[in-house]
Amino acid sequence: MITLLEVLKKSEGFLSKKGCASPRLDAEILISRALDMTRLEVYMQFERPMQETELEAIRGLIGRRSSREPVAYIEGKKEFWSKPFVVRPGILIPRPDTETLVEAALALIPEDEPLFVADIGAGSGCVGLAIASERPNIKLFSTDISPVAIKTVIENAIALGLRDRVAPLTGDLMSPIPGSRTIDIVVSNPPYIPSKEIETLAPEILEFEPRGALDGGEDGLDIYRRLIPEAAARATKAVLVEIGAGQQDDVVKIFQDAGLTEIQRHKDLAGIDRVISGLVQKT
């Protein structure tokens, strides 16, 4: 009879051979899911003999990961801002670097001020919902061109107890938000990878994540050129966007051309300029 520890080791070795970057962690997470256990419980039951039905469940999940399907899609969730967010195929998986966008936005929102925030290209909704979870007086517009994304935003808003403060809207960039509605702050994590670099991405990204959420056109800045002037014209206070490595100077120029002021660059944990923010000039 094979033990849980032996299954873990075999799974780790198999995923390593398949090129997975973190085979041990992946194996722990997926075995935990297959057995409906926490990772700590897995560690505490290493000598547990495995049943055939359990092995079948583990093989199924490990097999999916061996094809380089992201763990987040297999689990159906991804932690962001210390909260579990539903994710599914067709939705960009939240990244830790994007928390820089949340931090920069929160620095501009007083805790007790009622404001309207627009999260453009919301995907799972993680950015806007994380902001809303920290500021109980804001109301949120979450827009995305993908109906799958809007469905996911709604699920996450309900799970976080924020549904009554979120308006999920299907459409391109800011167009779904009625012109009569006030927007104080715009946040966005647009697609910013240059088209020619898409094919060089890891299989987890290239083969599974939505290309529309990744491909930013020839230089990666197509959406910025459309979004930032529109956001600057509608926001009353500020515009903030995530950027790719090395894009900071070009995006700052787009902010300047849109009339935004007090433009700042915000670094992620690796020290890379990850977010650009600018204030709307008061008239």
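Modeller: Start with two helices: H1 passes H2 in a right-handed crossing. Keep in mind that this is a predicted model.

Biologist: What angle do the axes of H1 and H2 cross at?

Modeller: Roughly 130°, with the axes of H1, residues 4-17, and H2 coming within 8 Å. H1 and H2 are therefore oblique to each other.

Biologist: Which residues of H1 and H2 meet?

Modeller: On the H1 side they are Leu4, Val7, Leu8, Ser11, Glu12, Leu15 and Ser16. On the H2 side they are Pro23, Arg24, Asp26, Ala27, Glu28, Ile31 and Leu35. By class, the contact of H1 with H2 has 8 nonpolar, 2 polar and 4 charged residues.

Biologist: Next pair. How do H2 and H4 cross, left-handed or right-handed?

Modeller: H2 and H4 cross in a right-handed way. The axes of H2 and H4, the latter spanning residues 52-66, come within 9 Å, and the crossing angle is roughly 140°.

Biologist: Why is that pair oblique and not roughly antiparallel?

Modeller: Roughly antiparallel needs an angle over 145 degrees. H2 and H4 cross at roughly 140°, so they count as oblique to each other.

Biologist: And which residues are in that contact between H2 and H4?

Modeller: H2 brings Asp26, Ala27, Leu30, Ile31, Arg33, Ala34 and Leu35, and they meet Glu54, Ala57, Ile58, Leu61, Ile62 and Arg65 of H4. The contact of H2 with H4 has 9 nonpolar and 4 charged residues, with no polar ones.

Biologist: What about H1 and H4, how are they set?

Modeller: Their axes come within 10 Å and cross at roughly 20°. H1 and H4 are therefore roughly parallel to each other. The crossing of this pair is right-handed.

Biologist: Which residues make the contact there?

Modeller: Val7, Ser11, Phe14 and Leu15 come from H1, and Leu55, Ile58, Ile62, Arg65 and Ser66 from H4. The contact of H1 with H4 divides into 6 nonpolar, 2 polar and 1 charged.

Biologist: Change of topic. What is the volume of the largest pocket?

Modeller: About 920 Å³. The largest pocket is lined by 43 residues, and Leu92, Asn189, Pro191, Ala213 and Leu214 lie nearest its centre.

Biologist: Which elements give two or more residues to that lining?

Modeller: For the largest pocket they are strand E3 (116-120), helix H7 (126-134), strand E4 (139-144) and helix H10 (222-234). As for residue classes, the lining of the largest pocket has 22 nonpolar, 11 polar and 10 charged residues.

Biologist: And the second largest pocket, what volume does that have?

Modeller: About 660 Å³. It has 25 lining residues, and Asp26, Val71, Ala72, Lys78 and Ile93 are the closest to its centre.

Methods: Residues numbered from 1 in each chain as written. Predicted model: local features only at pLDDT ≥ 70, side-chain atom pairs only at ≥ 80, totals over all residues. Heavy atoms only, no water. 1 Å grid on protein atoms, 1.4 Å probe; cavity = no way out; pocket = protein on both sides within 12 Å on 5 of 7 lines; lining within 4 Å. Points joined across faces, edges and corners; volume = space filled by probe spheres on them. Helix = DSSP H or I, 4+ residues; strand = E, 2+ residues; numbered from the N terminus. Nonpolar A, V, L, I, M, F, W, Y, C, P; charged D, E, K, R; others polar. Axes fitted to C-alpha atoms, helices over the stretch in contact; angles between N-to-C directions. Parallel < 35°, antiparallel > 145°, perpendicular 65-115°, else oblique. Left-handed = near helix turned anticlockwise from the far one by under 90°. Contact = heavy atoms within 4.5 Å.
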